[in-house]
Every structure is written in C-alpha cells, then in structure tokens.
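Here is a short report on one protein chain. Have the sequence and the model ready as you read.

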Amino acid sequence: MTISMHESRVQDVAFSDENAAMRHLPYFCRGEVVKGFGRGSKELGIPTANFSEQVVENFPSDISTGIYYGWACVGNGDVHKMVLSIGWNPFYKNIKKSVETHIIHTFKEDFYGEILSIVIIGYIRPEKNFDSLEALISAIQEDIEEAKRQLDLPEHLKLKEDNFFHLPESKIVNNH
C-alpha cells in the first residue's frame with residue numbers, strides 16, 4: 001500500500017487528535033441542560049442536550065474538538081448511550097465552542113433545566129465541514145451507529161453502572 005505525503009499527514013493529524021482526545025478519557029461531566037441553537041431537532045431530526053457556556057469553558061482546554069461517545073443520564077433517570085460533539089460545528093460556523101449531547105433514546109418531553117450527567121469514553125472522529133445538510137445528517141447517523149457498537153463492548157458497559165450517575169437528592173429537578 002502506498003501512502004502519499006498528503007495522506008500521511010492527514011493520518012498523523014487524525015492520530016494526534018485522537019491521542020489528545022484519549023488523554024482526558026474517561027471524562028466525567030455534569031451540568032444543567034440549556035437551550036441551544038434549536039437546530040438539532042428541527043433541522044437535523046437529531047435532538048441534542050446542550051451544556052451552558054460555563055460548563056463548556058470548564059472542559060480541558062486541550063481536549064480535541066470532534067465527535068465522542070459515552071453514557072448519559074438525565075437527573076436520576078436511566079443511563080443511555082450517547083454521542084457528543086465538542087467544537088464549533090463548522091457546517092454552521094459557530095463562533096462559540098459548544099458541547100452537544102445526543103442521547104440515543106427517545107424522551108417524551110424536553111428536559112431543559114434538568115441536570116445532565118455524562119461520561120465520555122471514546123473518540124470517533126475530528127470535527128469537519130460538510131457540503132450539504134444531508135451529508136452532515138448521514139455522518140451523524142454513522143457516528144450514532146459507531147457509538148452503539150463501541151458502547152456494547154464489555155470494557156465500556158461497566159461505566160454505565162458508575163456511581164457518578166446517582167445524583168444526591170438535592171440535585172434532582174422535576175422528579176428526574
């Protein structure tokens with residue numbers, strides 16, 4: 001197999017992104033769910049839970065932007081698989097870094113104001129731009145499938161049971 005210099009550099013960049021990402025994992029985070037840009041459900045058909053700017057600013061400054069997978073829990077509810085984006089969402093040209101969690105579960109209602117607890121376990125890919133909304137949606141669907149596959153592995157299943165997901169009673173909002 002022959003790899004051109006360009007391909008080699010791309011692989012090196014992807015590898016360094018993955019190394020920078022994995023250095024901080026697993027990463028445990030908790031924060032209130034706030035209203036985001038309103039496009040996850042509406043434009044993409046893929047609802048996301050967004051953390052406040054304060055929570056985003058507390059992420060390690062050198063964590064790589066990109067797509068990750070892990071576990072998520074709203075309040076003291078069930079723990080579900082999730083896929084997460086950290087970054088500026090190049091397709092939408094965000095000017096502020098965001099952390100958007102897509103919980104792989106159907107909720108009956110919104111949960112703004114609830115406490116979202118997440119454990120980021122693995123890195124899927126770097127952030128990138130897309131030529132169309134359809135291409136973005138397709139990539140997100142592939143990310144979701146990859147997250148599901150990874151989270152079924154025994155070494156990842158054990159974090160689903162972590163005590164981190166059991167909130168003290170004082171942190172529970174609206175019976176969640």
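This is a predicted model: local features need pLDDT of at least 70, side-chain atom pairs count only at pLDDT 80 or more; totals for chains, interfaces and linings use all residues.

## A pair on one helix

K148 and E145 sit three residues apart in helix α4, about one turn of the helix. Helices (H or I, at least four residues) and strands (E, at least two) are DSSP runs, numbered from the N terminus. The side chains of K148 and E145 meet in a salt bridge, at 3.3 Å from N to O. A salt bridge here is a side-chain nitrogen of Lys or Arg within 4 Å of a carboxyl oxygen of Asp or Glu. Side chains of opposite charge can pair when their charged atoms come close.

How exposed are these two? K148 is partly exposed, with a relative accessible area of 28%. E145 is also partly exposed, at 36%. The cut-offs are these: buried is under 20% relative accessible area, exposed is over 50%, and partly exposed lies in between (1.4 Å probe, protein chains only).

Residues are numbered from 1 along each chain as its sequence is written, and side-chain values use heavy atoms, with hydrogens and water left out.

The score pLDDT is the predictor's confidence in each residue, from 0 to 100. Its mean over the chain is 82, and 76% of the residues reach 70 or more.

## Bridges across the chain

How many salt bridges are there in total? The count is five. One of them joins K81 and D152, with the closest N and O atoms 2.6 Å apart. This pair links distant parts of the chain, 71 residues apart. K81 is in strand β4 (residues 79-87), while D152 is in the loop between α4 (133-151) and α5 (154-157). D152 counts as partly exposed because its relative accessibility is 45%.

D143 and R125 form another salt bridge, at 2.8 Å from N to O. D143 lies in helix α4 and R125 in strand β6 (residues 115-125), 18 residues apart. Are these residues buried or exposed? Both D143 and R125 are buried.

## Cysteines

The structure holds zero disulfides, a disulfide being a pair of cysteine sulfur atoms within 2.5 Å. C29 counts as buried because its relative accessibility is 6%. C73 is buried too, at 0%.
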